[in-house]
Amino acid sequence: MTTPTRTEQDLGTDIAGGVGESPLRPDGTLKVKGEFAYSSDLWLTGMLWGATLRSPHPSARIRSIDITEAVRTDGVYAVLTHDDIPGDNRFGLEHADQPVLAGDVIRYQGEPVAIVAADHPETARRAVAKIVVDYEVHEPLVDAERAAFDVNAPALHEGGNVLRYLPIRKGDPDATAEVVVHGEYEVGMQDQAFLGPESGLAVPADDGGVDLYVATQWLHVDQKQLCRVLGMPAGKVRLSLAGVGGAFGAREDLSMQAHACLLALHTGRPVKMVYSREESFFGHVHRHPATMRYEHGATRDGRLVYVKAQIILDGGAYASSTPAVVANAATLGVGPYKVKNVVVDCYGVYTNNPPCGAMRGFGAVQAAFGYESQMDKLAAELGMDPVEVRNRNALHEGATMPTGQVVDSAAPVAELLRRVKAMPLPPETSTSDDGYDLRLLPGGVSNTTHGEGVRRGVGYAIGIKNVCFSEGFDDYSTARVTLKVTGGDAVATVHTAAAEVGQGLVTVQQQIARTELGVEQVVIQPADTGVGSGGSTSASRQTYVTGGAVKAACEQVRARVLRQAAKTLDLPASQLRLHAGKLVSADEAVVAAVVDVLGDETITETVTWRHRPTYELDEKTGQGNAHVQYAFAAHRAVVDVDVELGLVRVVQLDCAQDVGKAMNPDAVVGQIHGGSAQGLGLAVMEEIQVSGGVVRNPSFTDYLIPTILDMPPMRVDVLELADPHAPYGLRGVGEPPTISSTPAIVAAIRHATGADLTRVPVQPHHITGTH
C-alpha cells in the first residue's frame, strides 16, 4: 500500500508487520522454547488410547480374524474390524479405493486390519498383539513396469493397474535432429519425514456426532471422507486443527482420523491415537518412485528440436493423489524449456508397494531429475557450457508450454541461471597448519580421509512447478474477517480453515489484515470446519488462495468502515482511507479514529475467493490451459567427493528464485533453505528401502535425513517479478527449491567423478563402481 508524505503528528507511526515485512511469527517463540502444543500433546481426562493392527504382508487374502483374546484383555474397551464400520468402508482423496479396515484383501505391508481402544497405550498394543489373523499370502506385484504393461500381471484393482495414463503431444512426433542423447533414470521412494507423528483426539459429542482434533493439511476433505465412513452428515463431524509438526504432503490423506472417530463413537469416550515413528512410515503416503526414459534431439548449436519421454510413477497400493502427480510429471516433463516437438507418455500405476501420493514438488521433482540430467548430457555431447545450453532454450514470458498453454507472467529462467552462476564460488577445501581441516572433507569427521581422492565438482539445474490446483479443479478458500473495538483498540479477527503446518500461513494472514485494514492487532482464530473450506495446504497455494480470500474479505470490511465513516463525517467514501487506526482524507488529514467510527458495532465479512479458472487436459493430446501459475528456481551446487570411498560433502548450495512478491522476506528465505534441504536429502541419502513390497528401514536410524552438519552455506537471491493475475503479484514459494536442488547436486557429483549417475539418491557404490 503506497503511503503519501505526511507528518508523524498527523497520522501516527506506520503499522508494523504488514505485507513485505518479516514480523515475528505468533507461534515462533512457543516452538523455539518447546512450549507449543502439538497434536500428540492433546489430553482429556478419561480418554482412551487407540492402536492399530497392520498386515505384515504386502499381498494376501484374509481368511479370518479372531479378536477373542484381545477383547478379554483387562482395560480394553473396544476391538473393531471392518464389520463394525457404520458407513462405507472406503476412503480416498480422488478415488475412494482404500478400505478403512481391510476385510478380505491386503494390498500393502502395513494395511490396517483392526483397531483397539484401551485405558493405556501399552494395554492397547498388547491387545493388538493378541488378535489372530489367518492370511493366505500371495506373491506381491512390486514392479511398476510389469504392473503397467504385462498382460499376465494380476490386476490389483478393478479396471486394471494403470490408474492414469496421460500423453502429451505437440508438434511433429517424428521430428529428427542432428544431435541426439538418450538416458534412463530412476528416483527412489522418498519420505516426507515430518518430525511430528500422526496423532489426534476424537471426542464423542452429546448430539451423537464427534469432534476431532487432528494434525492435517486439509480439514474439509478429511471431514468429507469421515462423513462417508461414519455415515453421518457434515454437521455432526466437526474437525479442528491441532498443532502440526510438519507435513510436506503426507497429511493430505487420512491416517488415524477414521480409526479414532470409530473408537470414540463405539466406546462413548474420547480416544487419542499417536503413531510411533515406525508406524508413521506405514501410516502415510510417500513420494512416487519413478522410472524415466528420455530422448533429446537438438541442433549443433544447442537448440532443442524435440523431447521424447516415458515416465512411470509407482503409486503403490492405492490411488491417493497419483492422478494429479501424473499430470504434473507429464505437463512439466520437459522442464522450463522451449520445445517445438514433444512426445511424453506418463503412467501412474498400482503395485503392492507402499501407497504414494503428495510430497513437496509433486511429480515435478521426478521429472526434473530426468530432464536436467539430459540437459547436462546434451551439453557434454555438444561441448557446451551446461548453463549456456539451458539459456539457449530457456522459457520466457509469452512462450508456449508443451500443453499449448502460454506462459502469461514472468518466466526468468535465463536470468535465474545467470544469477546463480555469477555468485562467488567457495574457496578450495580449507587447510590448517597440519594440512586439510578434516571436518571439511567428505566423511572427514570420521577421519576417513586426509584429502586423498577428494575431487571438487560444480553443477547447475533449474526447475519449473505449477502453483495451486490444476485441470479444472474448483480451487477456492473461504475467509471470515471481523473488525471491532476491544479494550479501546480496533482489533481484526481472521478465521479460515487453512492449515498452518509450519510454513507461516498464520503470519501471512496477519500481515494481509494489517495492510488492508490499517490496524495493528490481528487475531488468527484456530482453523476448523466452522468456516468454509480453506483447501489443502499443498501445491504452494495457501498464500495465493487463502491469502487472496483474506485480502478480499478485508477489502469488504474496509469498504463498510469507509461507508460508515462517510455518513458520519459527511465526506465521500472515495476520499477516505484507513491507516494506522485512523481515517485519513484525500488531503492527508486525520479526520477520525477507527474506534470512534466503529463504536459498539462489529463488522464481519465472509468471502469465498477463487483464482482464475483452469481447464481439463485433452485426454489424447494433453493440450489445454491446465495450470494457474508457474514458478521457477535455479540452483548451483558445489561438492567435494571422495572418489575412493564414494562419500559426498555438499560444500555450497546457492539458489535464485522468483517469488513474485516477497510477502514475508525471512519466511521466503526459510522456505528456500528448507526446500533445498529436502532436495539434498533425495540427492544423496533419503530412500525408503522396499524389497518385495516390504519396507526395510522404517526408522530415522536407517532412513537418513539431512542434519545441520549436512546442510551447507547457502546464498539466496530472491527476485520479485510480479504476476499480474495473483494477489499482490505473489508466486508460490515452497516447492520450487526442492525441484532444482537434487539435479544440481547430482550434476556436481558427476562433474567431480565423471560417473554417469542415473539414479537418486546417489549411493557410494554408484560412485566407486563397487557394491
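**Exercise 1. Is Phe 469 buried or exposed, going by its relative accessible area?**

Solution. The structure is a predicted model.
- Step 1: take the value. Phe 469 has a relative accessible area of 15%.
- Step 2: apply the cut-off. Buried means under 20%.
- Step 3: conclude. Phe 469 is buried.

**Exercise 2. Classify Phe 473 by its relative accessibility.**

Solution.
- Step 1: the value for Phe 473 is 41%.
- Step 2: exposed means over 50%, buried under 20%, and partly exposed lies in between.
- Step 3: Phe 473 therefore counts as partly exposed.

**Exercise 3. How many aromatic pairs does the structure hold, and what kind of pair do the rings of Phe 469 and Phe 473 make?**

Solution.
- Step 1: the structure holds 13 aromatic pairs.
- Step 2: the ring centres of Phe 469 and Phe 473 are 5.1 Å apart, and their planes stand at 85°.
- Step 3: planes over 60 degrees apart count as edge-to-face. So the Phe 469 and Phe 473 pair is edge-to-face.

**Exercise 4. Classify the pair of Tyr 544 and Trp 609, then say which parts it ties together.**

Solution.
- Step 1: the two ring centres are 6.2 Å apart and the planes are at 50°.
- Step 2: this angle makes the pair of Tyr 544 and Trp 609 tilted.
- Step 3: locate the residues. Tyr 544 is in helix H14 (residues 542-569), and Trp 609 is in strand S25 (residues 603-610).
- Step 4: the pair therefore ties together parts that are 65 residues apart in sequence.
- Step 5: check the burial of Tyr 544. At 0% relative accessibility, Tyr 544 counts as buried.

**Exercise 5. Describe helix H6, its cover and what follows it.**

Solution.
- Step 1: H6 (residues 219-230) has 12 residues.
- Step 2: H6 reaches 16 Å from first C-alpha to last, close to the 16 Å expected at 1.5 Å a residue.
- Step 3: 10 of the 12 residues of H6 are buried, so the helix is mostly covered. Among them are Leu 219, Val 221, Leu 226 and Leu 230.
- Step 4: the cover includes strand S10 (210-214), strand S11 (237-241) and helix H7 (257-267).
- Step 5: Gly 231 follows H6, with a positive phi near 70°.

**Exercise 6. Which rings do Arg 54 and Arg 251 lie over?**

Solution.
- Step 1: the charged end of Arg 54 sits over the ring of Tyr 275, 5.0 Å from its centre.
- Step 2: Arg 251 lies over the face of Phe 194, at 4.0 Å from the ring centre.

Conventions:
Residues are numbered from 1 along each chain as its sequence is written. This is a predicted model: local features need pLDDT of at least 70, side-chain atom pairs count only at pLDDT 80 or more; totals for chains, interfaces and linings use all residues. Side-chain values use heavy atoms; hydrogens and water are left out. Helices (H or I, at least four residues) and strands (E, at least two) are DSSP runs, numbered from the N terminus. The expected span of a helix is 1.5 Å times one less than its number of residues. Buried means under 20% relative accessible area, exposed over 50%, partly exposed in between (1.4 Å probe, protein chains only). Contact means heavy atoms within 4.5 Å. Rings of Phe, Tyr and Trp (its six-membered ring) pair if their centres lie within 6.5 Å; planes under 30 degrees apart count as stacked, over 60 as edge-to-face and the rest as tilted. A charge sits over a ring if NZ of Lys or CZ of Arg is within 6 Å of the ring centre and within 35 degrees of the ring normal.
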